[in-house]
Amino acid sequence: MTTSSTSTPLLRWPPPVAELREVAIAGLATTAQTRQVGRFGVSYALEALRLALDDAGMVRSDIDGLYSYIDEWPQIEGSPSNSRTTNWASQLGIPIRWSTGAANSGAGTGVAAILDAAAAIGAGYIDTAAIVLGLSSAT
């Protein structure tokens with residue numbers, strides 16, 4: 001679009017974009033795949049998180065973004081809920097600045113969580129994200 005008298009653009013297209021930071025996956029882990037009875041989903045999630053942090057050479061305090069889906073917390077009744085992510089700050093003993101239920105989006109593949117975490121890191125909202133899934137149900 002231009003003005004009629006000067007041919008000066010009124011809009012700049014494409015619009016300027018802030019410089020994005022590079023993003024990488026630094027650690028990856030999984031727990032033993034079992035149908036063990038008596039273990040909560042949060043237990044599997046915490047184990048996988050510890051292993052992934054070890055794999056990346058990081059510690060819990062490095063995490064400031066969390067994408068989780070846990071099916072069972074001790075002494076919490078009801079169906080799985082991403083709202084339980086608020087329990088993570090106390091479980092991990094660290095503040096969480098960014099959290100979403102994206103780990104259960106995209107047909108449960110976790111792809112949405114990876115994309116959302118990459119966008120949040122790239123834009124500078126967080127420095128490190130953990131994507132954690134902990135299921136104890138035998139499905």
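Thr-128 lies in the loop between H3 and E3, where helices (H or I, at least four residues) and strands (E, at least two) are DSSP runs numbered from the N terminus. This is a predicted model: local features need pLDDT of at least 70, side-chain atom pairs count only at pLDDT 80 or more, and totals for chains, interfaces and linings use all residues. Residues are numbered from 1 along each chain as its sequence is written, and side-chain values use heavy atoms, with hydrogens and water left out.

- Thr-128 counts as buried because its relative accessibility is 16%; buried means under 20% relative accessible area, exposed over 50%, and partly exposed in between (1.4 Å probe, protein chains only).
- The side chain of Thr-128 reaches the backbone oxygen of Asp-62 at 3.3 Å.
- Leaving aside residues up to four places away in sequence, Thr-128 touches Met-58, Asp-62, Ile-63, Asp-64, Gly-65 and Ile-121, contact meaning heavy atoms within 4.5 Å.
- Ala-123 is found in the loop between H3 and E3 and counts as partly exposed, at 44% relative accessibility.
- The C-alpha atoms of Ala-123 and Leu-20 are separated by 5.6 Å, although these residues are 103 residues apart along the chain.

**Sheet and helices**

- Three strands form an open sheet in the order E2-E1-E3, with parallel pairing; two strands pair if DSSP finds at least two bridges between them.
- The edge strands are E2 (98–100) and E3, each of which pairs on one side only.
- Neighbouring strands of this sheet are turned by 15 degrees against each other on average, direction ignored; axes are lines fitted to C-alpha atoms, for helices over the stretch in contact, and angles run from 0 to 180 degrees between N-to-C directions.
- Helix H3 (residues 111–122) packs on the sheet and touches E1, E2 and E3, its direction making about 160 degrees with that of E3.
- Helix H1 (residues 41–56) lies across E1 and E3 and runs at about 140 degrees to E3.
- Strand E1 (residues 65–70) is joined to E3 by six bridges, and the two run parallel.
- Ser-68 stands opposite Val-132 in E3, and Tyr-69 has Leu-133 in E3 as its bridge partner.

**Nonpolar cores**

- The largest nonpolar core has 12 residues in all, including Val-42, Leu-66, Trp-88 and Val-132; a nonpolar core is a set of buried Ala, Val, Leu, Ile, Met, Phe, Trp, Tyr and Cys residues joined through side-chain atoms within 4.5 Å.
- H1, E1, helix H2 (86–92) and E3 each supply at least two residues of this core, and its largest share, four residues, comes from H1.
- Apart from it lies another core, of six residues, among them Tyr-67, Ala-113, Ala-117 and Ala-120.

**Salt bridges**

- The whole structure has four salt bridges, each defined as a side-chain nitrogen of Lys or Arg within 4 Å of a carboxyl oxygen of Asp or Glu.
- One of them joins the side chains of Asp-64 and Arg-97 (2.7 Å, N to O).
- That pair links distant parts of the chain, 33 residues apart: Asp-64 is in the loop between H1 and E1, and Arg-97 is in the loop between H2 and E2.
- Asp-64 counts as buried, at 10% relative accessibility, whereas Arg-97 is exposed, with a relative accessible area of 53%.
- Arg-50 forms a salt bridge with Asp-54, the closest N and O atoms being 3.8 Å apart; both lie in helix H1, four residues apart.

Notes:
A polar contact is a pair of N or O atoms within 3.5 Å; within protein, one must be able to donate a hydrogen and the other to accept it, and residues adjacent in sequence count only if both atoms are side-chain atoms.
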